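Here is a short note on side-chain contacts, written for someone opening this entry for the first time. Please read it with the structure at hand.

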Amino acid sequence: MSRIASDVQLMLRRPPRQQYAALCYRPRKKQGGVEVLLLTSRDTGRWVIPKGWPMPGKKSHAVAEREAWEEAGVKGKVSHEPFGYYSYAKGMDGGLKIHCRVQVHLLLVKEMAKDFREKGTRRLEWVNCEEAAARVNEPELKVLFHRLAQMAANMPPGDGTPEEG
């Protein structure tokens, strides 16, 4: 009986929903390395990075770039290739949770707007990668922050572009 229940559960399980995110960072002038931008989610106040659903006609990196602008008011140079992925359970209206897979793109922040679409609905903070990893809940996102910190240690001065090593 439990095998039948398990088989039915597998048949009804949906594949994860896809989202795209921007891991926004900037070089730290005096201390070296980089700092990253965290923001709070509008519903639970958890620390997150800007992310959103696919948009018709837009590539994944363009969606990530747009979400960074709408949610945090930042613009910059976005990587076209994914930096990594993480998964989480998104709470929907009515209490339903859906499994999401988030494709993350690096975004080197060049400017921050004083006014943007979601200003006032979220808190924004620049923190180092270790602090960011400590604040977020998703284990795979923590790994991405640690990976960025390691890459930033190999960053040429003044470049702002981490090099994978």
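The points below cover ground rules, salt bridges, charges over rings and an aromatic pair.

1. Ground rules. This is a predicted model, where local features need pLDDT of at least 70, side-chain atom pairs count only at pLDDT 80 or more, and totals for chains, interfaces and linings use all residues. Residues are numbered from 1 along each chain as its sequence is written, and side-chain values use heavy atoms, with hydrogens and water left out.

2. Salt bridges overall. Side chains of opposite charge can pair when their charged atoms come close. The cut-off used is a side-chain nitrogen of Lys or Arg within 4 Å of a carboxyl oxygen of Asp or Glu. The structure has 10 such bridges.

3. R122 and E71. These two form a salt bridge, with 3.7 Å between the closest N and O atoms. The link spans distant parts of the chain: R122 is in the loop between β7 (97-112) and β8 (124-128), while E71 is in helix α2 (residues 60-72), 51 residues apart. Helices (H or I, at least four residues) and strands (E, at least two) are DSSP runs, numbered from the N terminus. Both R122 and E71 are buried. Buried means under 20% relative accessible area, exposed over 50%, and partly exposed in between, using a 1.4 Å probe and protein chains only.

4. R122 and E118. R122 also meets E118 in a salt bridge, at 2.6 Å from N to O. E118 has 9% relative accessibility, so it counts as buried. R122 is at 16%, so it is buried too.

5. E125 and R135. Their side chains form a salt bridge of 3.0 Å, N to O. E125 lies in strand β8 and R135 in helix α3 (residues 129-135), so the bridge ties together parts 10 residues apart in sequence. E125 is partly exposed at 22% relative accessibility. R135 is partly exposed, also with 22%.

6. A network. Which residues are joined by salt bridges that share partners? R42, E71, E118 and R122 form one network this way.

7. Charges over rings. Here NZ of Lys or CZ of Arg must be within 6 Å of the ring centre and within 35 degrees of the ring normal. The charged end of R17 sits over the W53 ring, 4.5 Å from its centre. R26 has its charged end over the ring of W126, 3.9 Å from the centre.

8. Aromatic pair. Rings of Phe, Tyr and Trp (its six-membered ring) pair if their centres lie within 6.5 Å; planes under 30 degrees apart count as stacked, over 60 as edge-to-face and the rest as tilted. The count is 1 aromatic pair. Y86 and Y88 make a tilted pair, 6.2 Å centre to centre with 35° between the planes. Y86 is buried at 2% relative accessible area, and Y88 is buried at 9%.
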